[in-house]
Amino acid sequence: MGVLEKIADIEREIARTQKNKATEYHLGLLKAKLAKYRVQLLDTGKAAAKGEGFDVMKSGDARVVLIGFPSVGKSTLLNTITKTHSEAGAYEFTTLTCIPGKIEYNGANIQLLDLPGIIEGASQGKGRGRQVVSVAKTADLIMIMLDATKSDSQRELLEAELEAVGIRLNCEKPNVYFKVKNGGGLSFNATCQLSTLTEKMVQSILHDYKIFNADILIREDITVEQFIDVVLGNRRYVRALYCYNKIDSISLEQVDQLARTPNTVVISCELSLNLDYLIETIWKNLRLLRVYTKRRGEFPDFDGGLIIRGGSTIEHVCHAIHRSLVSEFKYALVWGRSTKHNPQRVGLSHLVDNEDVIQVVKRR
Ligand SMILES: Nc1nc2c(ncn2[C@@H]2O[C@H](COP(=O)(O)OP(=O)(O)OP(=O)(O)O)[C@@H](O)[C@H]2O)c(=O)[nH]1
Ligand SMILES: [K+]
Ligand SMILES: [Mg+2]
């Protein structure tokens, strides 16, 4: 009998078994068996050819990726906060590919990706682990979804899997200038006190990587690991939000404690608890800005607006309006948080802020 038939058999048996105290144990065994076969399905790639179903096109203003162990409620969340349907079930590995959904908030379209659950060893390729973590690398925000009823070790295990593929969560790229050259030896400088890293360590690390000529300028107190990250260069620095689901099944005290953890939101998909706050927090973590443009003598359209990344300038805004606008740009008038007085006349390099109103004046 093939894996698919075995799965179908067990699913049938689960369906016809009445749920009660006496059958609880039997059902538990069936679900465990089902999960085992579904992992086999993932490993052998029978569910989909290698990588198939994981190359979802980026769309919208930003991408949020759901990462978590099986059955924490990732698909249920997608079903609850987007119009897309992704199969959810009480057994592990219900989801086998990448399912995209869309959150509309504050005028922005945010892509939300549901993925198979990952297990310990995912980064080494267990289950669909490798594909899942490589999708995580493309995220603007990783949502680490956890089951509030399970032990907190799940959180560290997930972090370790993401670390192992070069994802760095909630930290900035180290402020280091590093450039490999063709000759001239190693030139090492630091603009600050270093508490662990020394010139000698840097030399021996670089020798290990067969780098003998390079300029190194360290601008902040970093660790050895951070320096190795800089040398390897293929690290992704991604923001992460921790989301504990199923708070309907734990005590109020426990909810309260989890909710106080940094970068954390507690929810219940089943009872629709705190979902608005989750979406608001996603928006904040993405650091997107909404700005409004207006023509001379007219009011801005506050229902429209442009969605841009935090840290954007007037030049970025011009590009978002029209490709050729920068070449015709004379100055811009800005009303809002980014200005000292309203309106303020600014140039292309002016940093905009959320809810700014912008009027671009062209050269004639
Ligand atoms: N009590 C409770 N159960 C929930 C909640 N959200 C989801 N569930 C249940 O958790 C189980 C797993 O849900 P899924 O959405 O399939 O979980 P998943 O993380 O997508 O699972 P995989 O795709 O298998 O990795 C289902 O039986 C859901 O009904 C919740 O807020 N509270
Ligand atoms: K599931
Ligand atoms: Mg799922």
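**Close-up views of a predicted model**

**View 1. Helix α10 against the strands.** In this predicted model, helix α10 (residues 314–321) lies across β11 (288–293), β12, β13, β14 and β15. The helix runs at about 135 degrees to β12.

**View 2. The five-stranded open sheet.** The strands follow the order β12-β11-β15-β13-β14, and their pairing is mixed. β12 (306–309) and β14 (344–346) each have a single partner strand and stand at the edges, so one side of each is left without a neighbour in the sheet. On average, neighbouring strands of this sheet are turned by 40 degrees against each other, direction ignored.

**View 3. The pairing of β13 with β15.** Strand β13 (residues 329–335) pairs with strand β15 (residues 357–362) in the antiparallel sense, over six bridges. Ala 332 stands opposite Val 360 in β15.

**View 4. The surroundings of ligand 1.** Ligand 1 is surrounded by 24 residues, the closest being Gly 73, Ser 75, Ala 88, Thr 95 and Gly 117. Helix α3 (residues 74–81) provides the largest share of this shell, three residues.

**View 5. Domain 1 beside domain 2.** The domain assignment divides the chain into domain 1 (3–44), domain 2 (62–171 + 236–286), domain 3 (176–232) and domain 4 (288–362). Taken over C-alpha atoms, the centres of domain 1 and domain 2 are separated by 25 Å. Seven residues from domain 1 and nine residues from domain 2 take part in the contact. On the side of domain 1 that touches domain 2, four residues are nonpolar, three are charged and none is polar.

Conventions
Residues are numbered from 1 along each chain as its sequence is written. Chains are lettered from A and ligands numbered from 1 in the order in which they are written. This is a predicted model: local features need pLDDT of at least 70, side-chain atom pairs count only at pLDDT 80 or more; totals for chains, interfaces and linings use all residues. A residue is near a molecule or strand if its C-beta atom, placed from the backbone, lies within 6 Å of it. Helices (H or I, at least four residues) and strands (E, at least two) are DSSP runs, numbered from the N terminus. Domain bounds come from an automatic or database domain assignment. Two residues are in contact if their C-beta atoms, placed from the backbone, lie within 7 Å. Ala, Val, Leu, Ile, Met, Phe, Trp, Tyr, Cys and Pro count as nonpolar, Asp, Glu, Lys and Arg as charged, and the others, Gly among them, as polar. Two strands pair if DSSP finds at least two bridges between them. Axes are lines fitted to C-alpha atoms, for helices over the stretch in contact, and angles run from 0 to 180 degrees between N-to-C directions.
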